[in-house]
Amino acid sequence: MSLSCLLARLVRSAKPMAPSCNPTTFASASSRVSSKKGWLLLAGVVAAMGSSLLAAQTTVVTNVNGYTMNRDRELVQFTGIQFTGDTVDRLLMAGDELPQQEDVTVLDGQGRTLLPGLIDAHGHVLNYGLSLLRVDMTGTRSEQEAVERVIAFQQANPDLQWIQGRGWNQVLWDSNSFPSADSLAAADSDTPMWFSRVDGHAGWANRAAMELAGIDASTPDPDGGMIIRDSEGRATGTFVDTAMRLITQHIPQPSIDDQKAALRLSMQSLAAQGLTSVHDAGVGSSTLQAYRELQEEGPLPIRVYVMLAATDSAFAERLAEGHFISDDNTLAVRSVKISADGALGSRGAYLDDDYSDQPGHRGLLLHTPERLTQLMNQAMSADFQVNVHAIGDGANRIVMDNFEALIRGTGTEEQRHRIEHAQILRFEDILRFNELGVIPSMQATHATSDKNMAQDRIGEVRIHGAYAWRKLLDTGVIIANGSDFPVESPNPFFGLHAAITRQDQDNQPPGGWFPEERMTHEEALLSFTLDAAYAAHQEDVLGTLEPGKKADFILVDQDVFEVAPQEIWKTDVFQTWVGGRLIHDDE
């Protein structure tokens, strides 16, 4: 079965999310819509009319419990929002009169909480869309359970050329050991298989995949990668960082049409979880083409800020094309993504000193220091924002050294360069973010997911410079928050919960994991709104609900400022609006 057929099957079975619905284009004299039936009728009429007929229609959503930060970083509460077309006109306060013009549509928010659209500053949109079509190993408690999911998926999809999946995490298994091809033999299949670790920095292959790739005991480890081997030097089936390419280069790549379908599915799912904008971390030329074709066919369902992949074979050509921002601000291309090292869970993060739980091993640099400097300089010289993945303290130090040397030389102080993850930092490097104007782009749920293994990896001293949100904030920097989906769930309320409580969804550990690093409610909301927008040079149009900004907002089922912090992750999204368009309606 082709990927397109699998996508078509899933789309047919999925609940419609009405990406083209635009209640602001519904014109009727003194329209007043207050009931559930009215909302649905409005959306249906709009879908029939098309979203471009009356783009300047004014809409008011009233009877809401509204919150937004403002440009002065203050919390503002309101009871309604008025917007015309895609732009906010004003916020209504208690006692304000509703507009009386006959061409204004008034919608009843039914007392729900209204928030600015949330922004994920680091995700992988295509991979998330594809992950919805593959074996999900997230949360498996043993290698055997992961294999059982493979077998069930294969039985449901017997005609696939490759069986793929993601989400395994050996530190959650009783064995705490990397998986092997031998266990996949239980699937009794000659179909090649490949499953990415939860962090995307290691993969698990079956024997058929390794035979197709010609892997044997004589295959050397590539630079920046590692083949996990048994005592006799034979590949066991796990490949780390650049070694993954030994397998993945043999997997057929999805076509442009396949990518468009997966991107559309992904963006609709993200909208349903309350995201109105995402920063796509590492986009190759073919995926960029898919985005552009989707944008030309109509506004994207949500806004996407693209980071060009430095590993793309046409990277120089993409830089030469310069910045691109669509007229509707749903697609922006002005940054690049470079990866310095691997991930902590697979011991690929590059440390200055040995891993505490693996003496003699410091992790992996994915480029030589010289090549990393060259890539950063190339992108800066093209006037692009440079966003570098760095997790280990050694990788962060090297990247910071490069920023210190290159920013002034290239005159790109205003580009707001970023370190993606900034996960383990030396104390002196924590201070350098503010000094150099570099933004830490971090993921709150990484801390609560990694807490079971992070201290084992780096010990009792270095852990105090890890996931150090409060230490960074106290230097005066902002943090752009995200999830790194599909490594973590894209649900932004999981991230808000983790940032505020430093706990997992079982509310463990009591009091929070290194609770001194917690964010306040306001800081957490800023990190998913205004500060994430700032990290994309979009703070003048996104991030707060203020007159002149885009009408990107969500309606949710509980007040995240009043509910017990441990309950924030349970928040459900009722509606998602992007640029005045109703993108997702849970009813």
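A charge is taken to sit over a ring if NZ of Lys or CZ of Arg is within 6 Å of the ring centre and within 35 degrees of the ring normal. By this criterion, the charged end of Arg 502 sits over the ring of Trp 469, 4.3 Å from its centre, and Arg 416 lies over the face of Tyr 534, at 3.7 Å from the ring centre. The model is a predicted one, in which local features need pLDDT of at least 70 and side-chain atom pairs count only at pLDDT 80 or more, whereas totals for chains, interfaces and linings use all residues. Residues are numbered from 1 along each chain as its sequence is written, and side-chain values use heavy atoms, with hydrogens and water left out.

Along the principal axes, the C-alpha atoms fill a box of roughly 80 × 55 × 50 Å. Of the 587 residues, 60% count as buried, where buried means under 20% relative accessible area, exposed over 50% and partly exposed in between, with a 1.4 Å probe and protein chains only.

A search of the whole structure finds 14 aromatic pairs; rings of Phe, Tyr and Trp (its six-membered ring) pair if their centres lie within 6.5 Å, with planes under 30 degrees apart counted as stacked, over 60 as edge-to-face and the rest as tilted. The rings of Tyr 467 and Trp 513 have centres 5.5 Å apart and planes at 65°, so this pair is edge-to-face. Because Tyr 467 lies in the loop between α15 (454–462) and α16 (469–473), and Trp 513 in the loop between α17 (492–501) and α18 (521–527), the pair ties together parts that are 46 residues apart in sequence. Trp 513 also forms an edge-to-face pair with Phe 514, at 5.1 Å centre to centre and 75° between the planes. Tyr 467 and Trp 513 are buried, and Phe 514 is buried too. Elsewhere, Trp 168, Trp 173, Phe 178, Phe 195 and Trp 204 form one aromatic cluster.

Phe 514 is also touched by Gln 455, as are Glu 460 and Ile 463, not counting residues up to four places away in sequence, contact meaning heavy atoms within 4.5 Å. Gln 455 lies in helix α15 and, at 30% relative accessibility, counts as partly exposed.

Two strands are said to pair if DSSP finds at least two bridges between them. Six strands form an open sheet of mixed pairing in the order β4-β3-β8-β24-β25-β26, and β4 (75–78) and β26 (581–585) stand at its edges, each with a single partner strand, so one side of each is left without a neighbour in the sheet. Within this sheet, β3 (residues 65–69) and β8 (residues 113–116) run parallel and are joined by two bridges, with Gly 66 standing opposite Leu 114 in β8.

Another open sheet, also of mixed pairing, has six strands in the order β10-β11-β12-β13-β15-β14. Here β13 (residues 202–205) and β15 (residues 235–241) pair in the antiparallel sense over three bridges, and the bridge partner of Gly 203 is Phe 239 in β15.

Terms used: Helices (H or I, at least four residues) and strands (E, at least two) are DSSP runs, numbered from the N terminus.
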